[in-house]
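Work through the exercises below with the sequence and the model in view. Each task is followed by a solution in steps.

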Amino acid sequence: MSHILTVEEAAVRLAELVSELQPGDEITLTSREKPVAKIVPEKPPIRRRAGVCKGMLTIVREDDSHLEDFKEYM
């Protein structure tokens with residue numbers, strides 16, 4: 001949901017506005033009837049779990065001979 005408020009209105013209700021933000025919400029702040037800023041909720045951090053990609057990588061051989069082609073970069 002989008003809201004449009006003046007900077008003065010937002011200053012009075014800032015704590016309330018921030019606590020009520022939901023994903024997808026957006027608050028546009030205006031000054032002299034022109035948009036000057038937006039308040040949007042931060043994206044939640046990505047939760048990673050150990051072992052999620054297990055089995056996705058196949059090791060073809062266990063030697064370093066294939067690294068010869070990259071010798072100049074190492």
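**Exercise 1. Surface patch**

Task: In this predicted model, find which residues form a nonpolar patch on the surface.

Solution: 
- The patch consists of Leu67, Phe70, Tyr73 and Met74.
- Together these residues have about 490 Å² of accessible area.
- Take Met74 as an example: this residue lies in the segment after E3.
- The relative accessibility of Met74 is 69%. Exposed means over 50%, so Met74 counts as exposed.

**Exercise 2. Strand pairing**

Solution: 
- Next, follow the chain between the strands. E1, H1 and E2 make up a β-α-β unit that is right-handed.
- E2 and E3 form a hairpin with two residues between the strands, and Arg32 in this hairpin has a positive phi near 55°.

**Exercise 3. Salt bridges**

Task: How many salt bridges are there, and which residues form them?

Solution: 
- The rule asks for a side-chain nitrogen of Lys or Arg within 4 Å of a carboxyl oxygen of Asp or Glu. By this rule there are two salt bridges.
- One joins Glu16 and Arg13, with 3.5 Å between the closest N and O atoms.
- Both residues belong to helix H1 (residues 7–20); they are three residues apart, so about one helical turn separates them.
- Glu16 is partly exposed at 36% relative accessibility, and Arg13 is partly exposed at 34%.
- The other joins Lys38 and Glu26, where the closest N and O atoms are also 3.5 Å apart.
- This pair links distant parts of the chain, as Lys38 is in strand E3 (residues 34–39) and Glu26 is in strand E2 (residues 26–31), twelve residues apart.

**Exercise 4. Accessibility of one pair**

Task: Classify Lys38 and Glu26 as buried, partly exposed or exposed.

Solution: 
- Buried is under 20% relative accessible area, exposed is over 50%, and partly exposed lies in between.
- Lys38 has 55%, so Lys38 is exposed.
- Glu26 has 24%, so Glu26 is partly exposed.

Notes
Residues numbered from 1 in each chain as written. Predicted model: local features only at pLDDT ≥ 70, side-chain atom pairs only at ≥ 80, totals over all residues. Heavy atoms only, no water. Helix = DSSP H or I, 4+ residues; strand = E, 2+ residues; numbered from the N terminus. Buried < 20%, exposed > 50% of the residue type's maximum accessible area, 1.4 Å probe, protein only. Patch = residues over 30% accessible without salt bridge, like charges linked within 9 Å, V, L, I, M, F, W, Y side chains within 5 Å. Areas by Shrake-Rupley, 256 points an atom, 1.4 Å probe, with all protein chains shown as cover. Right-handed = clockwise from strand over helix to strand, strands pointing away. Pairing = 2+ DSSP bridges.
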